[in-house]
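Please open the structure in your viewer and keep the selection tool at hand. The tour below tells you what to select at each stop and what you will find there.

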Amino acid sequence: MRNLKIILLQFQEVIEDRSRIFVWFLLGIITPLIMILFWRGASHIPGWTSNEITSYYLLAIIINAIIMCHQEEHVGTIDIQEGGLSSYLLKPFSYFWLIFFNELAYRLLQGILGILLLVVFVGFFPGLFAFAKSPDVLFLSVIIAIVAFLLTFIFKMIIGILAFWLTETRGAFEATNVMIVIFSGLLMPLAFLPSWLEQIVSKMPFAYMIYFPVIAFEGKLTVLELWQVLFMEFFWLGICLLIYKKLWQEGIKQYTAVGQ
Amino acid sequence: MEIFFKKTKHYTKVYKMLLRLNFARLLAYRADLVNSTIAHTIWASFTIVQMLLLTSKTSHIFGWSRNELLILAGMYNIIYSFFYMFFSRGFNQFSTTINFGRLDGILTKPIDSQFLMTCLNITYTHLIRLIWGVGFLAYVLFTMRVIVTPLVLLGFIVLVVFSVMIIYSFWMLIMTLTIWFPKLSNLADLLYQINQISKFPQEIYKGASLYLLILLFPLTVVIVTPAKEILQKVLVGDVIGFIACALMLFIVSRRFWRFALRFYTSASG
């Protein structure tokens, strides 16, 4: 009951911010839309039709809106550097879960906008989308998307709490953003990368945030491959959780805040 | 005419002082200097890496060769480095200045409000982006064996000035909307994303909606036109149209700002 109250409060807070949320949503669709137009002018890409590329980017918009968390700046700058964390530490509620519910509210609201966009596109261009048809594949794809959300959340928490040690965090945040854009599949499907780079990137955690969930929903993976993706997601989730716990334990000892 | 020269002299004096003050601030906050330099280096290299990756499996996009697309990436760093250096910090603060009623103080000063809103802050660290852009552009031009004559270079510099004018006016037109919607503090973030439109050839937008194309047209020419000049492929008509577009946009954005000020109601409104 207490958790539900907290979730509802977070939703209320997020809905107050709806005009900004709409702008954030627009922000996320610009790169994929430019990329759709860009690839229309490309010569043949082996294994991908023009429709599949368009479908990939449109699904990437929705997956990005629902999965990709953005709490690192708030955690790092407002809570750790400006001292907002002090008030949370005194509350009988975990800081981690509070941020989690807040981010969940943002993701759900942006996800609704993403699904509305999807409905509009499917309505106007019904033949454009390639979806997985088998219920098994769809079920596993949903699980992959949920684990991807957890993975991005923990990963961004790690980046945020680096502020315990860094006095200036902008460089770290920008570097993370660039890596996510390039290696998560937001810029282009990993299959379009040079094959040596694709091999490396497909083992990194970023690929499991956007690329694999998108191609899972597109039906480009077999059931066995889906299980492999899930295994890798849980592997990275475990690693990230361990890193986060260790960093939080050490970081909280570093944290100081002053007031009158 | 005499008033114009007097005003120009006055604003030049003020701007010189701003250049000095901003430089002093740069040296005062050294951690910020290091941090910003790292962040700008990351974004400058991203633009180049992005184009290298996008062209790794395709040799031509809408008739543009890989090297020509790389020129656009280098040019993007050069032109936007000027805009970000001289104006972007001012635009970043637009909505907070309006939302918290700080525009009151600006309006009461004996200096143009648009000048104070957009030109007060200069971020020298964007020079790193300029260096990246110039270095990369020189390298690509060298590999393409393009000879840049002094006359072409002069034409290029003139077009860069007008490109920056177009970007400035486009941002001004959009950011002025914060007079009516002051809570949209992330509007500047949206514009940073929209800027990406300029680093790709104009031809890719031909399939997009006509309304969108008209709205975003200025940004689709700001990189391509100077790039064509350096490749000596630009037509006189393109240059005249480009300069006319820059001047017209500047006048419209200025008038729109003055019109919008009538609706400013301060923090209590």
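Begin by selecting chain A of this predicted model and colouring it by secondary structure: from the N terminus on, its elements run α-α-α-α-α-α-α-α-α-α-α, which comes to 11 helices and 0 strands. The radius of gyration of chain A is 19 Å, close to the 18 Å that the globule rule gives for 260 residues, so chain A is as compact as a globular protein of that length. Buried residues account for 38% of the 260 residues in chain A, and among the contacts between residues at least 6 apart in sequence, 81% join residues at least 24 apart.

**A pair of helices in chain A**

Next, select residues 18-40 of chain A, which form helix H2, together with residues 50-67, which form helix H3. How far apart are the axes of H2(A) and H3(A), and at what angle do the two helices pack? The axes lie 9 Å apart and the angle is about 170 degrees, and because angles over 145 degrees count as roughly antiparallel, H2(A) is roughly antiparallel to H3(A). To see where the two helices touch, show the side chains of residues on the H2(A) side, including A:Phe25, A:Ile29, A:Met35 and A:Trp39, and then those on the H3(A) side, among them A:Ile53, A:Tyr57, A:Ile61 and A:Asn64. Taken by class, the residues of this contact divide into 11 nonpolar, 4 polar and 1 charged.

**One side of a helix**

Move on to residues 72-81 of chain A, which form helix H4, and highlight A:Glu72, A:Val75, A:Gly76, A:Asp79 and A:Ile80, which are buried. Look down the axis of the helix: these residues cover an arc of only 125 degrees around it, which puts them on the same side of H4(A). Which helices do the buried residues of H4(A) pack against? They pack against helix H5 (85-89), helix H6 (95-124), helix H7 (135-161) and H8 of chain A. Before leaving this region, select A:Gly83, which follows H4(A) and has a positive phi, near 90 degrees.

**Where the chains meet**

Now show both chains and select the contact between them, to which chain A gives 29 residues and chain B gives 36 residues. On the side of chain A that touches chain B, helix H2 (18-40) and helix H8 (170-183) each supply at least two residues, and the largest share, 12 residues, comes from H2(A). By class, this side of chain A has 18 nonpolar, 6 polar and 5 charged residues.

**Chain B as a whole**

Read along the sequence, the pattern of chain B is α-α-β-β-α-α-α-α-α-α-α-α-α-α. A compact globule of 269 residues would have a radius of gyration near 18 Å, and the 20 Å of chain B agrees with that. The C-alpha atoms of chain B fill a box of roughly 60 × 45 × 40 Å along the principal axes, and buried residues make up 37% of its 269 residues.

**Single residues in chain B**

Select B:Tyr84, which is found in helix H3 (residues 66-92) of chain B. Is B:Tyr84 buried or exposed? B:Tyr84 has 22 C-beta neighbours inside 10 Å, so it counts as buried, since the cut-off for a buried residue is 20 or more. Apart from its neighbours within four places in sequence, B:Tyr84 is in contact with B:Thr123 and B:His126.

For the last stops, keep in mind that most residues other than glycine have a negative phi. Select B:Arg145, in the loop between helix H7 (127-144) and helix H8 (150-175) of chain B, where phi is positive, near 60 degrees, in a residue other than glycine. B:Arg145 has 6 C-beta neighbours inside 10 Å and therefore counts as exposed. Then go to B:Gln232, in the loop between helix H11 (224-230) and helix H12 (236-261) of chain B. B:Gln232 also has a positive phi, about 55 degrees, although it is not a glycine, and with 12 C-beta neighbours inside 10 Å it counts as exposed.

Note on methods. Residues are numbered from 1 along each chain as its sequence is written. Chains are lettered from A and ligands numbered from 1 in the order in which they are written. This is a predicted model: local features need pLDDT of at least 70, side-chain atom pairs count only at pLDDT 80 or more; totals for chains, interfaces and linings use all residues. Two residues are in contact if their C-beta atoms, placed from the backbone, lie within 7 Å. Helices (H or I, at least four residues) and strands (E, at least two) are DSSP runs, numbered from the N terminus. Ala, Val, Leu, Ile, Met, Phe, Trp, Tyr, Cys and Pro count as nonpolar, Asp, Glu, Lys and Arg as charged, and the others, Gly among them, as polar. The radius of gyration is taken over C-alpha atoms; the globule rule is 2.2 Å times the number of residues to the power 0.38. Axes are lines fitted to C-alpha atoms, for helices over the stretch in contact, and angles run from 0 to 180 degrees between N-to-C directions. Angles under 35 degrees count as roughly parallel, over 145 as roughly antiparallel, 65 to 115 as roughly perpendicular and the rest as oblique. The arc is that of the directions from the helix axis to the C-beta atoms.
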